[in-house]
Amino acid sequence: MKSSVEREQIFNTLNFYEFDVLVIGGGITGAGIALDAVTRGMSVALVEMQDFAAGTSSRSTKLVHGGLRYLKQFEVKMVAEVGKEREIVYENAVHVTEPEWMLLPFHKKGTFGPMTTSVGLKVYDLLAGVKKEEKRHMLSAEETLQKEPLLKSKGLLGGGYYVEYRTDDARLTMEVIKKAIEKGAVCLNYAKVRSFVYNDNNDIVGAEVIDQLNTKKITIHAKKVVNAAGPWVDSVRALDAIDNNKKLRLTKGVHIVIDQQFFPLQQALYFNAPDKRMIFAIPREGKTYVGTTDTFFEGDIQNPVATIEDVQYLLKAIQDMFPNVQVTELHVESTWAGVRPLIYEEGKDPSEISRKDEIWQSNSGLFTIAGGKLTGYRKMAESIVNAISKQLGDYNFGPCVTKHLELSGGDIGGSKNFQAFIANKERLAQSYGLSLEEGRRLAKLYGSNVDKIFRYAHLLKTTSTSSLPLGVLAQIYYAIHDEMAYTPVDFLVRRTGMLYFNVEQYKVYMHEVLQVMRDLLNYTEQETEKFKNQLAKLLMQATLEGS
């Protein structure tokens, strides 16, 4: 992938060519479209006004899941499609996605009962084409409590046991974008579309783009333009014309993180909140994270935050389902909030609105894609690139090839080789000056790209004067030179997830990370001060200090 040091060169490249496709939006949807299009032989440009994955694609429940609850809404086709996609996403990026056995307990008067759970999970297995060893099991109340002793025993009838897939949503998005760039796409973060360019027939043939870091302006010419801007879809459409009755309805989802010292969950769960909404509780890296809420949202899309009310709702859900877990706001280490861009449906509550994606095209030719789920990103991309390919018919572009295309870092040989790969890399790490444990952590995070991290570590071992641990320092160099990170927040939130799952490290490292990145990227004094304030503000919001 290109380096942030090369931003100006990349920006100028976008100015000099006509592309087959310009994608607006660097979340998982836009990233998937760029990868699908470029691997069919199209020339592709992608611009993102923030950092890659800075919107919804770093603020999800971090699950590649089939949407079991949508069976209740008879979204059978959607469940079947995204259910099958789970294993495809997993096998193409085993380093950022892994199977997670999920326990769905059912109590008297709950949303799910023994029969509905059994039938629902069986239908789910059938629709998703689940392999034999991952098909659902039905458990007695005793067996359910053995899986998770913290569960409320009063009224417990049993549980369903089934597989979902846990992921790092921001890193998954990065690996898709890096693969698209490897295949020839030109992608740039912090580049905002401010207007469209039209020909004499009033067809869109490009966009005016401004660099958010230095205010330089360019024009990107393209035969087809795709609006994949997530929560900003309607804002981008408004630059052209909103000529149909489709519009977004934004909902907010909040998650909280609690140390396992206070919430020692040993089993991922999907359970009823007191108001019958469904909540996930998932153990990860010594923490337990819980979410999500589902409320209509009309605030600052770029900076949604968890309110005390959001947090109290989730704490109440924890206290109801895990009566012996005594946690309060004081135990919440960090939070995150994300905005879901759903397609408006009159009279429906947030949790009832369909997660189906839709594609439409304006009279001037602007493609827009909205709705959908993280799990279905590859199929969403296939659908819209099929439509683009049809309109660019004279060029004879090929079919979609992403089903069995390993993402960046995924050159491991699939899940069957992953543990052997990790064992080899953790041993190799020691020859580069890293510990066995650090080698394992990095290999699991970066997959087959970890060798680059090791080489940075080897170089920095004798040249760096930074007080940061060698592994963290090597990650910074990789984030800048191979993942286009430009700000400390890019690194500490989206490239590593440190703010969410290791907030104490975030506090210890953030100022030194700023100094290292300042020296590497030659920040101005104004940028240094701005990024310092961003780090402090984000920490305050994530830890509820600003509430």
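# A chat about rings, charges and loops

Q: Which residues do ring pairs link into a cluster here?
A: In this predicted model, ring pairs link Tyr289, Trp336, Tyr500 and Phe501 into a cluster.

Q: What sits over the ring of Trp336?
A: The charged end of Lys62 is placed over the ring of Trp336, at 4.7 Å from its centre.

Q: And what about Phe501, which residue lies over its face?
A: That residue is Arg284, which lies over the face of Phe501 at 4.0 Å from the ring centre.

Q: How many aromatic pairs does the count come to?
A: The count comes to 16 aromatic pairs, and one of them is formed by Tyr486 and Tyr523, a tilted pair with 5.6 Å from centre to centre and 55° between the planes.

Q: Why does that pair tie together parts that are apart in sequence?
A: Tyr486 lies in the loop between helix 13 (470-483) and helix 14 (488-495), while Tyr523 lies in the loop between helix 16 (503-521) and helix 17 (525-542), so their pairing ties together parts that are 37 residues apart in sequence.

Q: Is Tyr486 buried or exposed?
A: Tyr486 counts as buried because its relative accessibility is 9%, and Tyr523 is buried as well, with a relative accessible area of 8%.

Q: Switching to charges, how many salt bridges does the structure hold?
A: The structure holds 38 salt bridges, and in one of them the side chains of Glu483 and Arg171 meet at 2.5 Å, N to O.

Q: Which residue forms a salt bridge with Glu175?
A: Glu175 forms a salt bridge with Lys178, and the closest N and O atoms of the two are 2.7 Å apart. Because Glu175 and Lys178 are three residues apart in helix 6, they are separated by about one helical turn. Glu175 is buried, and Lys178 is buried too.

Q: What about Glu298, which residue is its salt bridge partner?
A: Glu298 forms a salt bridge with Arg249, with the closest N and O atoms 3.8 Å apart. Glu298 lies in the loop between strand 15 (295-296) and helix 8 (308-321) and Arg249 lies in strand 11 (residues 248-259), so the pair ties together parts that are 49 residues apart in sequence.

Q: Is Glu298 buried or exposed?
A: Glu298 counts as exposed, because its relative accessibility is 73% and the word exposed is used for values over 50%.

Q: Which residues do salt bridges that share partners join into one network?
A: The network joins Asp51, Arg171, Glu175, Lys178, Glu483, Asp490, Arg494 and Arg495.

Q: New topic: where is Phe106, and is it buried or exposed?
A: Phe106 is in strand 4 (residues 97-107), and it counts as buried because its relative accessibility is 3%.

Q: What is Phe106 in contact with, leaving aside its neighbours within four places in sequence?
A: With those neighbours left aside, the residues in contact with Phe106 include Phe112, Pro114, Thr117, Met138, Leu156 and Leu157, and several glycines are on the list as well, among them Gly113 and Gly155.

Q: How far apart are Phe106 and Gln419?
A: They are 313 residues apart in sequence and 34 Å apart in space, taken from C-alpha to C-alpha.

Q: Now the surface: which residues make the nonpolar patch of about 270 Å²?
A: That nonpolar surface patch is made by Met115, Val119 and Val123. Met115 is placed in helix 4 (residues 114-128), and it counts as exposed because its relative accessibility is 61%.

Q: What about the backbone, where is a cis peptide bond?
A: A cis peptide bond joins Gly291 and Thr292, with omega at about 20°, and Thr292 lies in the loop between strand 14 (287-291) and strand 15.

Q: Which value is phi of Lys276 near?
A: Phi of Lys276 is near 80°, which is a positive value in a residue other than glycine. Lys276 lies in the loop between strand 12 (268-272) and strand 13 (278-284), and it counts as partly exposed because its relative accessibility is 44%.

Q: And phi of Asn522?
A: Phi of Asn522 is near 55°, again a positive value in a residue other than glycine. Asn522 is found in the loop between helix 16 and helix 17, and at 62% relative accessibility it counts as exposed.

Terms used: Residues numbered from 1 in each chain as written. Predicted model: local features only at pLDDT ≥ 70, side-chain atom pairs only at ≥ 80, totals over all residues. Heavy atoms only, no water. Patch = residues over 30% accessible without salt bridge, like charges linked within 9 Å, V, L, I, M, F, W, Y side chains within 5 Å. Areas by Shrake-Rupley, 256 points an atom, 1.4 Å probe, with all protein chains shown as cover. Salt bridge = Lys/Arg side-chain N within 4 Å of Asp/Glu carboxyl O. Helix = DSSP H or I, 4+ residues; strand = E, 2+ residues; numbered from the N terminus. Buried < 20%, exposed > 50% of the residue type's maximum accessible area, 1.4 Å probe, protein only. Phe/Tyr/Trp six-rings, centres within 6.5 Å; stacked < 30°, edge-to-face > 60°. Lys NZ or Arg CZ within 6 Å of the ring centre and 35° of its normal. Contact = heavy atoms within 4.5 Å.
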